[in-house]
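Subject: Handing over a structure

Dear colleague,

I am passing on the structure below, together with some notes on what was found in it. Please read the notes with the structure open beside them.

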Amino acid sequence: MKSVTSKIKLFRPVLTLRCSYSSTDQTLLLNEFTRLCYQRDLPKAMKAMDSLQSHGLWADSATYSELIKCCLSHRAVHEGNLICRHLYFNGHQPMMFLVNVLINMYVKFNLLYDVHQLFDQMPQRNVISWTTMISAYSKCKLHQKALELLVLMLRDGVRPNVYTYSSVLRACNGLSDVRMLHCGIIKEGLESDVYVRSALIDVFAKLGEPGDALSVFDEMVTGDAIVWNSIIGGFAQNSRSDVALELFKRMKRAGFIAEQATLTSVLRACTGLALLELGMQAHVHIVKYDQDLILNNALVDMYCKCGSLDDARRVFNQMKERDVITWSTMISGLAQNGYSQEALKLFECMKSSATKPNYITIVGVLFACSHAGLLEDGWYYFRSMKKLYGINPGREHYGCMIDLLGKAGKLDDAVKLLNEMECEPDAVTWRTLLGACRVQGNMVLAEYAAKKVIALDPEDAGTYTVLSNIYANSQKWNSVEKIRTRMRDRGIKKEPGCSWIEVNKQIHAFIIGDESHPQIVEVRKKLNQLIHRLIGIGYVPETNFVLQDLEGEQMEDSLRHHSEKLALAFGLMTLPSEKVIRIRKNLRICGDCHVFCKLASKLENRSIVIRDPIRYHHFQDGKCSCGDYW
């Protein structure tokens, strides 16, 4: 490919310059060209530029800058190229300011090769030239190239400014690069700049180092909401929702107004912890933004993931504008909360609205099918997604279908589909098959799937425990001991079940065997009373849901104090009777606790919502929204 100047030579017309043109006529011609450029009349300005070129004339740089802005607003790539050729015509060399404007134009047109050719031929470059190039490569994810340009810039004796560092920081893929740049920022005395600090915080958060992000934030008192937005967002995206919410409180106490970016992060934090009351508080701040699409999408997501479907539907129905994220969020939310048929009806409404489904939409649709046992519907959507919507099946789509087939008892079909996957099955896919095997009682295939999971994810404590239980169920005690010895040797410990409940905007966590809660004695007393009353109406602890090598009495005692039962007892003690009891759990709810919550909802006449990593269970009047299919 030819360089920009060589392209100019190739397309340069053979012209005879009119030397007899009077100075008055030249002035008139230049004035006319300038007027057309400032009026943004692109066709006439281009014709006037041809007249200038035929008479060997050039206007001032500011005028060409206006013409280039006009090209950008019209996405006029061809005209932009003509301007570039004119400026270099017959050996003319435009000023550095104007070359920088041209470089920026080619960047906006995504013509990186032309950008670099123009940049390479510059006799001199300033900080704007270098920063524009670095920013362009950073935005195009050509991170190594952006970092290399910074090194060349320094070698050229040009000192980076705040915009240079803000751009290049976002090109960092490793902590070593960030720390090196951080040193350079301090050396240049730019560490107090709002945009640099914000970029530093963002990149530390992106690389999973929120502690370093907080250190940058705490280095000095900030007077700008941008940095607050970055630090709150950094902790929210790293699943440190508690810290994100605490920082939001600090921000409010410091007198800053919550902006869209802040509120989006706060909603994400509330979603992560299933904190409905705090999410509702954030909703109050959002009202002033009225029909902001991003915030409304985040609200729908928060309400769905807090198990408050009525609120989610209300926000969704009031939205004047909806995009594919809106529809996908609501479809997935309905499916996760057990309203699969409503989710599929909403998908049909989405198609009627002319919104094209994307990858995530189809995951939500298949999720709805798998959670309701809709095998025929699931196969239809899976087989037609490529043909109807141009979406290739990914791991998540295969996972939903494997789950659906497994729960339907079609394990052979599930294994066949797994082997037909276009992408290599990962640990999550094999874990899905393992769960289906447990439901169907196929211990041979379950053992095979468990070993596959461990091979791909050697630190997965849950799968070791499942495999241990599989062996225990078959009375293979030597194999049980081998698994547990392997876990001890690797330092792998089973994650204890933990459930938490929000009461009066405070989080109360319960862990089996943990006595740290200040009201644990009263909670256990309340739980024992509830168990006694439930036994009176037919409740029998299902001891097959605990490790098989425990004695019967010990097994029953283990079930009695599962964390969700403790949280439920606390909720019954502290929440008014009309209030929904909402519990979040870190592990999948077991069958015994599921039966327990159904009976408790009927006995106590209470609505109970439990969110585990798989789905949501809405217990009401002795029934669950999952239809006992999970």
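To begin with the strands, strand 1 and strand 3 run antiparallel and are joined by three bridges, and within this pairing Ile501 stands opposite Ile583 of strand 3. Please keep in mind throughout that this is a predicted model.

These strands belong to an open sheet of six strands, in which the order is 2-1-3-4-5-6 and the pairing is mixed. The edges of the sheet are formed by strand 2 (506–511) and strand 6 (623–624), each of which pairs on one side only.

Two or more lining residues come from each of helix 17 (276–286), helix 19 (309–318), strand 1 (498–503), strand 3 (581–585), strand 4 (608–611) and strand 5 (616–620). When the lining of this pocket is divided by class, 19 of its residues are nonpolar, five are polar and ten are charged.

Turning to the helices, two packed helices are described by the angle between their axes and the distance between the axes. Helix 12 (residues 194–206) takes part in a packing of this kind with helix 10 (residues 162–169), where the angle is about 10° and the axes are 9 Å apart. Angles under 35 degrees count as roughly parallel, and helix 10 and helix 12 are therefore roughly parallel to each other. On the side of helix 10 the contact is made by Val162, Tyr165, Ser166 and Leu169, and on the side of helix 12 by Tyr195, Val196, Ala199, Leu200 and Val203. By class, this contact of helix 10 with helix 12 has eight nonpolar residues, one polar residue and no charged ones.

Helix 12 packs against helix 14 (residues 225–237) as well, at an angle of about 0° and with the axes 9 Å apart, so helix 12 and helix 14 are roughly parallel to each other. From helix 12, the residues Val194, Tyr195, Arg197, Ser198, Ile201, Asp202, Ala205 and Lys206 meet Ile226, Val227, Ser230, Ile231, Gly234 and Gln237 of helix 14. The contact of helix 12 with helix 14 has seven nonpolar, four polar and three charged residues.

Key
Residues numbered from 1 in each chain as written. Predicted model: local features only at pLDDT ≥ 70, side-chain atom pairs only at ≥ 80, totals over all residues. Heavy atoms only, no water. Axes fitted to C-alpha atoms, helices over the stretch in contact; angles between N-to-C directions. Helix = DSSP H or I, 4+ residues; strand = E, 2+ residues; numbered from the N terminus. Parallel < 35°, antiparallel > 145°, perpendicular 65-115°, else oblique. Contact = heavy atoms within 4.5 Å. Nonpolar A, V, L, I, M, F, W, Y, C, P; charged D, E, K, R; others polar. Pairing = 2+ DSSP bridges.
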